[in-house]
Amino acid sequence: MMESAVIISLSGEPLYWHLPEGRTAGSIPDSNKLWSVIWENRNNILGIAHTHPGKGIPYPSWTDITTFDACELGLGSKLLWWIFTEDNGAVFIKGNKKYEYNGKLLDKSIDEIPWLIELRKHSY
């Protein structure tokens, strides 16, 4: 398993697959390319999805939360943040407090997310 990420456009299409060298089962490094794509597409990003190892309900790590917050501060807008495990998915959005991200477990509609199959192929 290798963590993988994808930037999703406002139309729900993948804009960029983040599959850098050095990724592991527990982390996915940042890169200049990733930040360039985010900035260049800042008016067309719905959110960013990434994978976590194993099965079960996904929750953001502290690194995830601080990254979410930094991205949103830099962009000046809220994004959707999806996290997927082998068998579940959840989406998180900024709450009212700093570092507060509220999550919602995705139901069977998870099977209708067109880019999820590819994201999981890059990961598992």
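User: Among contacts in the chain between residues at least 6 apart in sequence, what percentage join residues at least 24 apart?

Analyst: Good place to start! Keep in mind that this is a predicted model. Take the contacts between residues at least 6 apart in sequence, then pick out those that join residues at least 24 apart. Their share is 59%.

User: What pattern do the helices and strands follow along the sequence?

Analyst: Let's begin by counting: the chain has 3 helices and 6 strands. Reading along the sequence then gives their order, which is β-β-α-β-α-β-β-β-α.

User: How does the radius of gyration of the chain compare with what the globule rule gives for 124 residues, and what is its value?

Analyst: For 124 residues the globule rule gives 14 Å, and the chain comes close to that, so it is as compact as a globular protein of that length. Along its principal axes, the C-alpha trace spans about 30 × 30 × 30 Å. The radius of gyration itself is 13 Å.

User: Which residues of helix α3 are buried, and within what arc do they fall?

Analyst: In α3, which covers residues 116-123, the buried residues are Leu116, Leu119, Arg120 and Ser123. Seen down the helix axis they line one face, because they fall within a limited arc. A handy idea here is that an α-helix has 3.6 residues a turn, so residues three or four places apart point the same way. The arc for the buried residues of α3 is 95°.

User: Which residues of α3 are exposed on the other side, and which strands does the buried side pack against?

Analyst: On the other side of α3, the exposed residues are Ile117 and Lys121.

User: What arc do the buried residues of α1 fall within?

Analyst: The buried residues in α1 are Leu34, Val37 and Ile38. Viewed down the axis of α1, they line one face of the helix, because their arc is 100°.

User: Which elements do the buried residues of α1 pack against?

Analyst: First, look at the face turned away from the buried side of α1: it carries the exposed residues Asn32, Lys33 and Glu40. The buried residues of α1, in contrast, pack against β1, β2, β3 and α2 (62-75).

User: Is histidine 18 buried or exposed?

Analyst: Histidine 18 sits in strand β2. Residues it touches include Ser4, Ala5, Ile28 and Leu34. Its relative accessibility is 3%, and the cut-off for buried is under 20%, so histidine 18 counts as buried.

User: How far apart in space are histidine 18 and histidine 122, C-alpha to C-alpha?

Analyst: Along the sequence these two histidines are 104 residues apart. In space, their C-alpha to C-alpha distance is 9.7 Å.

User: What separates the C-alpha atoms of aspartate 30 and histidine 18?

Analyst: Aspartate 30 lies in the loop between β2 and α1, and it counts as partly exposed because its relative accessibility is 49%. Leaving aside residues up to four places away in sequence, aspartate 30 touches His18 and Trp35. Aspartate 30 and histidine 18 are 12 residues apart along the chain, and their C-alpha atoms are separated by 8.8 Å.

User: What is the phi of tyrosine 99?

Analyst: Tyrosine 99 is in the loop between β5 (89-94) and β6 (101-105). With 33% relative accessibility, tyrosine 99 counts as partly exposed. Although tyrosine 99 is not a glycine, its phi is positive, at about 65°.

How values were computed: Residues are numbered from 1 along each chain as its sequence is written. This is a predicted model: local features need pLDDT of at least 70, side-chain atom pairs count only at pLDDT 80 or more; totals for chains, interfaces and linings use all residues. Side-chain values use heavy atoms; hydrogens and water are left out. Buried means under 20% relative accessible area, exposed over 50%, partly exposed in between (1.4 Å probe, protein chains only). Helices (H or I, at least four residues) and strands (E, at least two) are DSSP runs, numbered from the N terminus. The arc is that of the directions from the helix axis to the C-beta atoms. The radius of gyration is taken over C-alpha atoms; the globule rule is 2.2 Å times the number of residues to the power 0.38. Contact means heavy atoms within 4.5 Å.
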